[in-house]
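Student: Could you help me learn how to read the packing of side chains and rings in a model that is new to me?
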Amino acid sequence: MPEAAATPPPAPKSAPQKAMEKLGLLRDIDLALHLPLRYEDETRITPIAALREGEPVQVEGVVIDCQVELRSRRQLLVRVKDDSGTLLLRFLHFYPSQQKQMSAAARLRIRGEARVGFFGREMVHPVVKVVDEDTPLAQALTPVYPASAQLPQAYLRKAVASGLARADLRELLPAGVVPRGLPSLKDALQYLHHPPPSASQQALHDHSHPAWQRLKFEELLAQQLSQLQAQRERALLVAPALKAKPGGLHEGLLAALPFQLTTAQARVAEEIAQDLARPQPTHRLLQGDVGSGKTVVAALAAAVAIDAGWQCALMAPTEILAEQHFRKLVQWLEPLGLQVAWLTGSVKGKTRQKMLDAAASGEAQLVIGTHAVIEDKVKFARLGLAVIDEQHRFGVAQRLALRNKLKSMALEPHLLMMSATPIPRTLAMTYFADLDVSTIDELPPGRSPIVTKVFTESKRHDVVDKIRMAVADGAQVYWVCPLVEESEAVDLRNATETHAELSAELPGARVGLLHGRMSPADKAAVMAQFSSGAMSVLVATTVIEVGVDVPNASLMVIEHAERFGLAQLHQLRGRVGRGSVASVCVLIYSPPLSDTGKARLKAMAETTDGFEIARRDLNIRGPGEFMGSRQSGAELLRFADLQEDAPLLVAARALAPELLDRHPAAAAAQVRRWLGTKAEYLKA
Ligand code: ADP
Ligand code: MG
């Protein structure tokens, strides 16, 4: 028998303790920063005669009657009285103990909302407390915290109060740097947890109160400091200086392109070339609307790196997109004598080993694939440039993995990220403060605008009729369904069913199916048939959302359009309108539409401009959700609102360099207090 352990096992955690952990309330500072959702005012008594309909108040009165009435339904009626009038309390559900308690009580303090009816003032199910004449009133507003079923409000109140008392809230910032009129962090938190009776509930509610402002400023400052720190660390790193060779691949590619670069493409390509020529690692985001032609700009950057004798890795978030890049770049670059390797999760066995060897030996000058390209086993001989397409689609963990991978290189490679989702200015100043941004603000010429139409589900037949005619005329169509094989409970047409239906409704047309659960080989085969024009209708889930490029496709139908986000709808729509054929996007929705659903479809119908879409999306959703919180790290901002708090952001941004230079210890403590381990994520 093994000996019994010397220390007893830890006491099992209570349900509220577990619930607190789930809410992330672990450290004292976490508790101190767990702010009330709202407040109850138990600091004053309202005279009964002054009660107004629907206003939450506290009253106090003597009990003049307490009885159970049986007439229409069993209920407990309690009548109380103060100097100004009487109030009826009505309980439809009650315990005998409550009845006993109230009939024995002389005086009650009551919180609730009054109804003023035919029989006078009454409250239904108020909160009551037995008091006597000199029971004191609360000194501060009573906080109501975000809680859960396992976490009673009273328990949480106690926990927060003691966390607040214990937390280290020392002032970290030197005197005079905090914007004028803002209290210390300690005072701010004290105020927000226990506001005095005179506090403006409005200012607390809309977060305009100076105590709130201080909190937001602190948070934004920590975020700015961590970004600046990352930027400075990067500036110390050394990267190979990459320059195109005269008469080399870069010139060759430019000459061989079947089109002229747009002015915007030429400008951003030049910005990138200048970055690459410097011995510090490039950290640039290339943003441009769907279809603006980012791929060729990436290819040109790759050509510069390869000309200079280095390797380039190009990563895309999905196999379909990676494959498409592979085809396009092979088509452009192999005639110029380039070796391109292809690496995704589904490349296996000998082929995979061959690719790995080619990357490790440096024989493959360009490696294209999914995030498989940055897995541990993949080694590069001389990686000079990494390009990440649709970077916001990569998760934070993947971006961190990439960063760590790049770190292990002898010389730091340059990093170019691409995205079709434009970043609003305030976001660029915060999460992407450590990033240079180039923007393609023009589409290639000859594109005909996409017309967007919105129909309810009941018009689906008419849409199918139109498609039948268009297909007969040689058009190619995407038909997008939101989900495949969802639980029966969710009333969505799944893609498989839609595929069967459309195949029956469009006799003679080739209707294909593409969804996330197919094998990569099957997906590739379907895409190839659609690309070549052999297939006219492609029923697909959102796997086609990102970057798919079939210029001949001119019609898109999106079913259950109300279920998609605005950015996603715009991305999807970007799959058509890529050629010279006039394109149409049909959005089918099932009523009733929510207000935001309405606003999204309206935005889609009114504009095709990605920047305008982004602006509206920001208005509809708010910046917290803008980039999709999972990807952006935007959920890391708990208190500040990038749109509303732009002035605080500007102040924090201005302060960060000085603080980092002159008070490095305070700066580090500030980042630790606010971001803890999250600081790493902000650099991803
Ligand atoms: P995105 O920016 O969405 O990634 P792509 O790089 O896929 O856009 O380009 C969209 C389409 O436009 C592709 O078919 C591409 O070959 C074509 N294209 C890119 N640049 C130009 C240009 N300057 N003139 C004409 N067509 C172009
Ligand atoms: Mg693209």
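Student: Are Phe639 and Trp674 buried or exposed?

Tutor: Buried means under 20% relative accessible area, exposed over 50%, and partly exposed in between, with a 1.4 Å probe and protein chains only; here Phe639 is buried, and so is Trp674. Please keep in mind that this is a predicted model, in which local features need pLDDT of at least 70 and side-chain atom pairs count only at pLDDT 80 or more, while totals for chains, interfaces and linings use all residues. Residues are numbered from 1 along each chain as its sequence is written, and side-chain values use heavy atoms, with hydrogens and water left out.

Student: How is a pair of aromatic rings described?

Tutor: Such a pair is described by the distance of the centres and the angle of the planes. Rings of Phe, Tyr and Trp (its six-membered ring) pair if their centres lie within 6.5 Å, and planes under 30 degrees apart count as stacked, over 60 as edge-to-face and the rest as tilted. The structure holds five aromatic pairs; in one of them, Phe639 and Trp674 are edge-to-face, with 5.9 Å centre to centre and 90° between the planes.

Student: Which residues have the most contacts inside the largest nonpolar core?

Tutor: A nonpolar core is a set of buried Ala, Val, Leu, Ile, Met, Phe, Trp, Tyr and Cys residues joined through side-chain atoms within 4.5 Å. The largest one has 66 residues, and Leu189 and Leu215 have the most contacts inside it. Apart from it lies another core of 42 residues, including Leu249 and Trp332.

Student: Where does the charged end of Arg382 sit?

Tutor: A charge sits over a ring if NZ of Lys or CZ of Arg is within 6 Å of the ring centre and within 35 degrees of the ring normal; the charged end of Arg382 sits over the ring of Trp310, 4.1 Å from its centre.

Terms used. Chains are lettered from A and ligands numbered from 1 in the order in which they are written.
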